[in-house]
Amino acid sequence: MTITDEDCLAETLAFNEEFEARAVDRPARDRAPDAAVLAALRRNRLGGEAPPVRLPHGRDRVIAGGVRVRTFVPDRVDGVYLHVHGGGWAFGSADGQDERLWRLAGRARLAVVSVDYRLAPEHPFPAGPDDCEAAARWLVEHAVTEFGTGRLLIGGESAGAHLAVVTLLRLRDRHGITGAFRAAHLLFGPYDLSMTPSQRSFGSRRLLSNTDTLRRTYELFTPGMGAEQRRAPDVSPLFADLTGLPPARMVVGTEDPLRDDSLFLAARWRAAGAPVRLDVVAGAMHGFTLFPLTVTAREERRQGDFLSAAGR
């Protein structure tokens, strides 16, 4: 484990305080949103109050099984990155961060394929995992003909990181596919939906996520399940057999209620035999990469460097 960006700690913590102070103007996420609030949250950027920017570089497609994806293909392609967006399984979209994904595509020379998976509460578990699994299988079968390379990578942010790991496990357990995806890049994911100690003890701080918002998010994604049911390996990958998974880079902030999830998963991933790089960002809250911070710019560079070199 490496603690990063301690030289930016004052800036990062000051942003957290400002974010908390403005929390009174944001819709509460510790209860089920009504239709109007849900529509507004889905219309705007994650963590923001304006719609995302759609770039002409993105191409919307429908692939096998009717799954929608958005692709970004630079002039030179050395690999394909299957990206899974965050948003608590209920918000976000494949076109929600075009600028960031296009920068990544160019920097790492990757074709980026972002999955527009179905969202809860209209489509609870297992709809989202089903869509990600279908997109991954499509890439395994068609990446060479579509993009000219079979070098596959996978990753995502928050709920997207969870879905990326679930997808790798499904490929292995349902289809006998291991090694097709050569690396995973996992940003501040929830890997124990029955709640790790850091999730339970974080409390009610009005950052992007806290104990109450996480609990409510799990209820939306897995309605009717209790804590024990949510420990099932296909729901909470922290409890899964992790053998046969690829090298990974995991990132989480010290002020994230999901801190333990990355720490615990990294330890189990490594024990199962795959290399893991775990970076813990000093002072960073959940979802920090959504905001214009020094640590965000640095993290984008680190992600690009990792994915550029991984699996060669």
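Contact means heavy atoms within 4.5 Å. This is a predicted model, in which local features need pLDDT of at least 70 and side-chain atom pairs count only at pLDDT 80 or more, while totals for chains, interfaces and linings use all residues. Residues are numbered from 1 along each chain as its sequence is written, and side-chain values use heavy atoms, with hydrogens and water left out.

Ser209 lies in the loop between helix H6 (197–201) and helix H7 (211–221). Helices (H or I, at least four residues) and strands (E, at least two) are DSSP runs, numbered from the N terminus. Ser209 has a relative accessible area of 7%, so it is buried. Buried means under 20% relative accessible area, exposed over 50%, and partly exposed in between (1.4 Å probe, protein chains only).

Helix H3 spans residues 98–108. Its buried residues are Asp98, Arg100, Leu101, Leu104, Ala105 and Ala108. Seen down the axis of H3, they fall within an arc of 165 degrees, so they line one face of the helix. The arc is that of the directions from the helix axis to the C-beta atoms. The cover over these buried residues includes strands S3 (68–72), S4 (79–84), S5 (110–115), S6 (152–157) and S7 (181–187). Helix H10 (294–309) is also part of this cover. Arg109 follows H3 and has a positive phi, near 55 degrees.

Aromatic rings were examined next. A pair of aromatic rings is described by the distance of the centres and the angle of the planes. Rings of Phe, Tyr and Trp (its six-membered ring) pair if their centres lie within 6.5 Å; planes under 30 degrees apart count as stacked, over 60 as edge-to-face and the rest as tilted. The whole structure holds 8 aromatic pairs. In one of them, the ring centres of Phe15 and Phe19 are 6.3 Å apart and the planes stand at 40 degrees, so the pair is tilted. Phe15 and Phe19 are 4 residues apart in helix H1 (residues 9–21), so about one helical turn separates them. Phe15 is buried, at 17% relative accessible area. Phe19 is buried too, at 8%.

Trp89 and Phe221 form a stacked pair, because their ring centres are 4.4 Å apart and their planes are at 5 degrees. This pair links distant parts of the chain, 132 residues apart. Trp89 sits in the loop between S4 and H3, and Phe221 in helix H7. Both Trp89 and Phe221 are buried. Ring pairs join Trp89, Phe125, Tyr218 and Phe221 into a cluster.
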